[in-house]
Amino acid sequence: MELEPITRVAVSDEVFARLADEILSARLSPGEPLPAERLLAEKFAVNRHAVREALKRLRQAGLIHIAQGGRTRVLDWRENAGLDILSGVAAAGVVPPLKVLLDITQMRLVVAADAARLCAVRADDERRALIVDLAQQYPQGGFEADERFWTAVIDGSQNVAYRLSLNTLLAGMHDVGETVFRALELDRELLDRQAHLDLASAIARGDADEARAVTTQMLGGVITALQEMTQSIEETTN
């Protein structure tokens, strides 16, 4: 494994990023032992505390297993990691960024559609009024308006698992999605004003089935466009 010294002052994040990239790109294979902490510190030209903190984060991310008194070994990220490594997967090139974006959007549809349904049932009057107000901001508010709107909807669903999933999906969108959406001119579908007004209206009326249907149609159009682009790229490269 070829490792270059790190020259930045704040280094634990950089050590983490370098090692995560080695693992996600399969330059370090599952089951392979990592160099000892001391050797990593020497290779990166950093102190051992920075390496120790980076290894702790890698373990928390499900990328390595640290055995007491034994070797630290690489884990298979597909079997052990969580959604928080999505951006790293795209950056490492192990999955094409457009495919990662498609996968994020597909999961977002599943979460958002049911969250919208629950929000229509569970949200109080203040939350419903907020969602209607936020829908009025499309498309001028751009991706920030989109984030505020969906945060309000998912908070209104009162489902903590959906809320935590949203945090990860939004992080993935920030790292991978916004530039791609604009470059492919898909932001018009994602920021469709009328669709969001229709969704807000359904939630305000307490119409759970309509809220789910509008969300499915709205994000389904984005997914279809991404699928077509992914297929076109695959056909071009094959």
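Me: What makes the pairing of the D114 and R212 side chains a polar contact?

Reply: Happy to go through it, bearing in mind that this is a predicted model. The side chains of D114 and R212 are joined at 3.1 Å. The cut-off for such a pair of N or O atoms is within 3.5 Å, so this pair qualifies as a polar contact.

Me: And why is D114 called buried?

Reply: Its relative accessibility is 13%. Buried means under 20%, so D114 counts as buried. This residue lies in helix 6 (residues 97–122).

Me: Which residues does D114 touch, leaving aside its neighbours within four places in sequence?

Reply: D114 is in contact with Y162 and R212.

Me: Let's turn to helix 2. How do you know that its buried residues line one face?

Reply: The buried residues of helix 2 (residues 37–44) are E37, L40, A41 and F44. Seen down the helix axis, they fall within an arc of 100 degrees, so they line one face of helix 2.

Me: Which elements have the lowest and the highest mean pLDDT?

Reply: Helix 10 (residues 187–190) has the lowest, at 66, and helix 7 (residues 125–135) the highest, at 96. The protein averages 86, with 88% of the residues scoring at least 70. Where pLDDT is low, the predicted coordinates should not be read in detail.

How values were computed. Residues are numbered from 1 along each chain as its sequence is written. This is a predicted model: local features need pLDDT of at least 70, side-chain atom pairs count only at pLDDT 80 or more; totals for chains, interfaces and linings use all residues. Side-chain values use heavy atoms; hydrogens and water are left out. pLDDT is the predictor's confidence in each residue, from 0 to 100. Helices (H or I, at least four residues) and strands (E, at least two) are DSSP runs, numbered from the N terminus. Buried means under 20% relative accessible area, exposed over 50%, partly exposed in between (1.4 Å probe, protein chains only). The arc is that of the directions from the helix axis to the C-beta atoms. A polar contact is a pair of N or O atoms within 3.5 Å; within protein, one must be able to donate a hydrogen and the other to accept it, and residues adjacent in sequence count only if both atoms are side-chain atoms. Contact means heavy atoms within 4.5 Å.
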